[in-house]
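Please view the sequence and the model together, then read the points below by topic.

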Amino acid sequence: MFFKSNFPYTNSNTSYSDLLLEIDSGNIQSIYFYPRKREIDVLYKNGKKEKVPILYNDQLILEKASENNVELTVNNSRKESATANSFASIGIFLIFVIAIVLILRSTSKLASRALGFGKNNAKFVTIDDVDTRFDDVAGVPEAAEELKEVIKFLNEPKKFTDLGAKVPKGVLLIGPPGTGKTLLAKAIAGESGVPFISIAASEFVELFVGVGASRVRDLFAKAKDKSPCIVFIDEIDSIGRQRGSGIGGGNDEREQTLNQLLTELDGFADNSGVIVIAATNRPDILDSALLRPGRFDRKIEVMLPDLEGRKKILSVHSLSKPLSKNVDLAYWATRTVGFSGADLANLMNESAIHCARDESKSISNFHIENALDKINLGLRTSVISSLNMKKIIAYNEVGRAIVSAVRNGIDSVDKITILPRSGYLGGYTKINPDEEIVSTGLISKKLLLNKIEIALAGRAAETIVFGKNEITQCSVNDISYATNIVREMVTKYGFSIIGPVSIADSNDILIGDNFVSNKSTIADNTYSKIDHEIIKISKISLNNAINIVSKNRILLDKLVDILINKETIENNIFRKLTFDLLKV
Ligand code: ADP
Ligand code: MG
């Protein structure tokens, strides 16, 4: 007889042994089994229904039941879940297939990058019609003049080769970041009307060894295709570093790339019309093979612009901007000593943004002042709340300003502020860099000593005002800055009684292909003398600063007062006050 499993079966009072007896005595009509359940439904001949616990996978009940002809039914629980199961397994199968496809696709990408040598990935930018002209590059007249010659080579190579002259293949532009090296290279392409192919040298370097070299090959293949043209390799120092250098020997991939570049530079003929221009700000670390004649044999220095140059650059970048009539760019050029072309471009751009924010029609001096503030000092952050802290910072800053005014002239101080800006702890005294140092890169012993005194002037002011035991660590950065200068004076420049000897510090010894320790060649005695000198010069400088600041105590207090109230002292106010009160 067939019966459904969901009959109302009550939980049993019958024990297992009773059940066996009942089966033997023939009282049981049928038993319903559930696979994986330790329970059966029992239907007695008298109509009683009962759930009886059994053992898992019970064989004894089965045997007994079949011996006594009890009807046996097994519940097919799978049937219900079968449909659900089949859907699930189709789902899993699909996920599996998709995963395999994805994995295959990514590995094939990887493989094509490794094996196809990234032909598609090399990021050279080709500009066929460059619209940059020499007029766009201001303030670097020498470099521009030298490069104009290159245009002649590109336009009329025959003129030179006929005379037996060799057309230069490589031009290396050397100069600090933002001075217009990229811009100059573009201007040459623009002026001579040839295509400009540019790539950052770091793009050559990839995870896979050999990719860089193949990219170099690609680049030159393309250049020859487009000839005459200009190939511009930016930041060449990232692959052009001296080979075999660095801790733990060279970097294989970089060296292979460099070797390929050297080969390619040799490979094309003088009159093929491809000129390679490279830019770097670290010419000192370049491999000497790169610099030999026939490769980058022309080196052109692109310097930070001087006063006249800055004025020109500012006017180039204000061409498309409405300036107020009273804006004198020559004045702003005096306020931006040490700025690169990119900094100046940024200044004009920030000014225009300030102007737009004010919803005014033209850029005024006020907007430029604000922009200069933002660039010089970073963005304003929170205001210092504690008056005591304000006072300490103000004395530090004014101390530095006074020593700078005494040592380098009143005009050397551009601005004093105690407004905290991101990137600076506490206040900030903007001291104009010396025009001559910026343009020549040379600095005298006297100027270095001045720098040290200015750096230590914050500590000097604190010592005078608060007393020897009340000084704070506010000048921590200035002190380490000063110590670095003193160390260089003693160990590099020969500016002390130690004499004109160069004593490399331990950092220099490990870098480069020179692993020999310098230390062994220098007596311990000399080392202690050096330390002694460093301490002596630092102490004398601090004392000098203390003398200068105490002589100017009245001015110091006055300036600090203004600074605490106004938070900023502009250079015209500083000039007015110091002009009357400064004691040299
Ligand atoms: P570098 O390659 O030397 O790091 P860039 O040529 O990339 O500097 O200069 C960045 C930007 O700065 C230029 O796009 C330009 O707007 C501005 N700039 C830099 N130097 C000059 C310059 N001499 N004259 C005009 N603009 C300049
Ligand atoms: Mg550049």
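The side chains of lysine 374 and glutamate 350 meet in a salt bridge, with N to O at 3.2 Å; the term denotes a side-chain nitrogen of Lys or Arg within 4 Å of a carboxyl oxygen of Asp or Glu. This pair links distant parts of the chain, 24 residues apart: lysine 374 lies in helix 14 (residues 365–377) and glutamate 350 in helix 13 (residues 341–358). The model is predicted: local features need pLDDT of at least 70, side-chain atom pairs count only at pLDDT 80 or more, and totals for chains, interfaces and linings use all residues. Residues are numbered from 1 along each chain as its sequence is written, chains are lettered from A and ligands numbered from 1 in the order in which they are written, and side-chain values use heavy atoms, with hydrogens and water left out.

**Salt bridges**

- Lysine 374 counts as partly exposed because its relative accessibility is 26%, whereas glutamate 350 is buried at 13% relative accessible area; buried means under 20%, exposed over 50% and partly exposed in between (1.4 Å probe, protein chains only).
- Glutamate 369 and lysine 415 form a salt bridge whose closest N and O atoms are 3.4 Å apart.
- That pair also links distant parts of the chain, 46 residues apart, with glutamate 369 in helix 14 and lysine 415 in strand 12 (residues 413–417).
- Glutamate 369 and lysine 415 are both buried.
- Arg335, Glu369, Asp373, Asp414, Lys415 and Glu570 are joined into one network by salt bridges that share partners.
- Aspartate 41 and lysine 51 form a salt bridge through their side chains (3.1 Å, N to O).
- Here strand 3 (residues 39–44) holds aspartate 41 and strand 4 (residues 49–53) holds lysine 51, 10 residues apart.
- Aspartate 41 is buried because its relative accessible area is 0%.
- The structure holds 24 salt bridges.

- Helices (H or I, at least four residues) and strands (E, at least two) are DSSP runs, numbered from the N terminus, and two strands pair if DSSP finds at least two bridges between them.
- In strand 10 (residues 274–280), 7 of 7 residues are buried.
- Val274, Val276, Ala278 and Thr280 point one way from strand 10, while Ile275, Ile277 and Ala279 point the other way.
- Strand 10 pairs in the parallel sense with strand 7 (residues 170–174) over 5 bridges, and glycine 170 has valine 276 as its bridge partner.
- Strand 9 (residues 229–234) also pairs with strand 10 in the parallel sense over 5 bridges, and cysteine 229 has valine 274 as its bridge partner.
- Strand 7 and strand 11 (residues 298–301) pair in the parallel sense over 4 bridges, with lysine 299 in strand 11 as the bridge partner of leucine 172.

**Helix 7**

- Arginine 217 lies in helix 7 (residues 211–226) and is partly exposed, with a relative accessible area of 40%.
- The C-alpha atoms of arginine 217 and glutamine 260 are separated by 7.3 Å, although the two are 43 residues apart along the chain.
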